[in-house]
Amino acid sequence: MSGAPVTLFVSQDAGAIARGADRVAAEIARQAAGAVRLVRTGSRGMYWLEPVVEVETSAGRIAYGPVKPEQIGELLKSGMLRGADHAAKLGKLADHPWLASQQRLTSARLGIVDPASLDDYLAHGGYAGLEAALAMSPSDIVRVVTESGLRGRGGAAFPTGIKWQTVLDQPAGPKYIACNADEGDSGTFADRMLMEGDPFSLIEGMTIAGLAVGASRGYVYLRVEYPHAARALAKALTVARERGYLGDDLRGSGRSFDIAVRLGAGAYICGEETSMLESLEGRRGEVRVRPPLPAIKGLFGRPTVVNNVVTLASVPVILARGAEFYRDFGMGKSRGTLPLQLAGNVRQGGLVERAFGLTVRELVHDYGGGSASGRPVKAVQIGGPLGAYLPAAEFDTPLDYEALSGKDALLGHGGVVVFDDQADMARMARHALSFCAIESCGKCTPCRLGSTRGVEIVDRLIATRNGGGGSPPRSADLALLDELCETMFHGSLCGLGGLTPYPVRSVLRHFRDEFERV
Amino acid sequence: MYAKDYHDLGTPAASGASVTLEIDGATVTVPAGTSIMRAAALADRDVPKLCATDTLKQFGSCRVCLVEIEGRRGFPASCTTEVAPGMKVRTRSEALAKLRRGVLELYVSEHPMGSCPASSRCELESLAEQHGIAASRYAGPDTARHEHTHAPIDASNPYFRFDNDLCIVCSRCVRACEETQGTFALTIEGRGLESRVAASQGEPFLESECVSCGACVEACPTGALLEKSVLTAGLPQRAVATTCAYCGVGCSLI
């Protein structure tokens, strides 16, 4: 082997590492140190193919995967560095139908760029949004975001532009941008992928938000379970500061903005925005009463934009390409694209960014390829642990905020977890309640006590399935469970207790017979 | 625990411009910034409450003070919702009664009726009784209760004792310690069902930063924090206003 080193790309995304990417990278370094330049990227989100090795050739980036560390020698011998044929060769990933059919706006750079390289970011369209924003007035920036139709991607789907307008309208003085990176929903990983694979997009989005509302300080509230994201963000923040993309004089504009990262301590409730603010201020992560809205009285009592990672990372493309460009994706009141996260018992899990309107069936079967077990798919849970279970009979439902709420379901943060016909749905209802019991902050009674009482009721119902009797009678327990759901739904202080009835009731509605027998 | 005839308006007074609204059909005028709970109490339409008391800032945790407001979805808490001009509030309805019973039954699953040594003065037991709850359907032999402190009863303080079993985690003691006394000796530790009142870093009251001022005992709606004298001598038969002679400040006492 001689000549200029060949560039190889291996992901350092936590999901890829879990599948062996670090061992593959180490093996490449050991066996081909002089012949290759190894770039650690984010992941494209085709997790069933990870670890993927991509080789830069004259014909483009040729991928191989899934690659085992012990295959490296053989791959090198058979000409991988020239893009030669091999059983593991995938060809150009950009042409792979799974990726080619996606509409990647927010996740466009994932798996392609070096997350620590600002030059890579700039070469792939990065900071075009900020350049545009620096030439605009704050109210014009807010208007573009409003017109784009962007809604909060963390779950509540509140129109982002309206939230920003509220913060902009508050009297001058300290204001904050607080990024919610406490991605705690089961089966979700879009925030993590973005922070690990394209952290500058979040930094750019937050900077634009700061310019829009007159905030000069931003905080990323990052869950402690994301150490790779913490490292990637820290690196990118340093580079952005060194190159004048953060700090006291943004790109010579005289405007200032900087970002600090704060780590959570492992509480799901701190993903609820007011608990997150409490935690950011150094207090017990307990829900605040609203009003006042965080947009009026948020972090340290000041007007605060609270948005999640995907929302903020979607802003640069909107500013760079215009409100209309973004709004033209999607359907009804759900505009733009959503990075869906497909997980659970599914053959091809990963990140699917598409315009709103893709049906559950298309996602689970066309992208997911059905269950990993090969058994029939029975249900999906959409929107995290507090999302409803949707049975296979309803898989023609489009993934859009309004369509799902019409089915008493939620889109949430866009996580879709697949279950095959062996899933015990009564136990899934129990899981929802026990999750709430473990994660409840303990402030309000319906959530603090109701979740545990719910677990106890479901435990009794499960113990007496298949014709078993019990005391109290099963019919009384079923009625009590229903009443409990009502009390939690209407009585809880925040979405944790208030939404836990969604999965429970969806099981009662669609799989009630599983409470009777299995 | 307050004197029995004290009319607790639920939240502190506000001092804004006058706002007129309708509560259960009656016209009420109160200063802007007043909570619906206080406005209703001033109009003798008291809303049930457990975590609210007019000596402390509104907190919104007990969820028995929920009301209906025309044109608004759901059931907002009356303690944390401020009045607005022309607002039409309903404090009583079938749905509200059901919801309040639902919440109270959850409370009673942990704090059985009659368990308080000061039952007649226990705000929870009185409220549950008013709502026709004698027992909780949630309670059974396997019902989990919030975790005991190392010693369920902390009798270390010479003047009062804390019985975690009777605590409903309303945070009134924590807030009184913080807002009234400024001592910050109390906190809630743990989360979910394991949330419990702790003095300093989970120490016995006597060894903690507690200064034995009694604000927490006064604020407690149940018998969780109770004067030892009540346990030995029973509840007071009458109340008199007097002045504390301990130091030169001369705080008035009832």
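**Entry 1: helix H19 of chain A**

I listed the buried residues of H19(A): A:Gly450, A:Ser451, A:Thr452, A:Arg453, A:Gly454, A:Val455, A:Glu456, A:Ile457, A:Val458, A:Leu461 and A:Ile462. Buried means under 20% relative accessible area, with a 1.4 Å probe and protein chains only. The model is predicted: local features need pLDDT of at least 70, side-chain atom pairs count only at pLDDT 80 or more, and totals for chains, interfaces and linings use all residues. Residues are numbered from 1 along each chain as written, chains are lettered from A and ligands numbered from 1 in the order written, and side-chain values use heavy atoms, without hydrogens and water.

11 of the 14 residues of H19(A) are buried, so the helix is largely enclosed by the rest of the structure. What do these buried residues pack against? I found helix H17 (425-439), helix H18 (445-448) and helix H20 (474-491) of chain A, together with helix H2 (94-110) of chain B. Contact here means heavy atoms within 4.5 Å. Helices are DSSP runs of H or I with at least four residues, strands runs of E with at least two, numbered from the N terminus.

**Entry 2: strand S1 of chain B**

I looked at the two faces of S1(B), residues 18-23. B:Val19, B:Leu21 and B:Ile23 form the covered face, while B:Ser18, B:Thr20 and B:Glu22 form the uncovered one. In a regular strand the side chains alternate between the two faces of the sheet.

S1(B) runs antiparallel to S2(B), residues 26-31, with 6 bridges joining them. Strands pair if DSSP finds at least two bridges between them. B:Val19 has B:Val30 as its bridge partner in S2(B). The hairpin of S1(B) and S2(B) has 2 residues between the strands, and B:Asp24 takes a positive phi near 50 degrees.

S1(B) also pairs with S4(B), residues 88-90, in the parallel sense over 2 bridges. There B:Ile23 stands opposite B:Val89.

**Entry 3: a sheet in chain B**

I traced an open sheet of 3 strands in chain B, in the order S5-S6-S9, with antiparallel pairing. S5 (153-154) and S9 stand at the edges with a single partner strand each, so one side of each is left without a neighbour in the sheet. S5(B) meets S6(B), residues 160-163, over 2 bridges. B:Ile153 has B:Asp163 as its bridge partner.

Notes:
Buried < 20%, exposed > 50% of the residue type's maximum accessible area, 1.4 Å probe, protein only.
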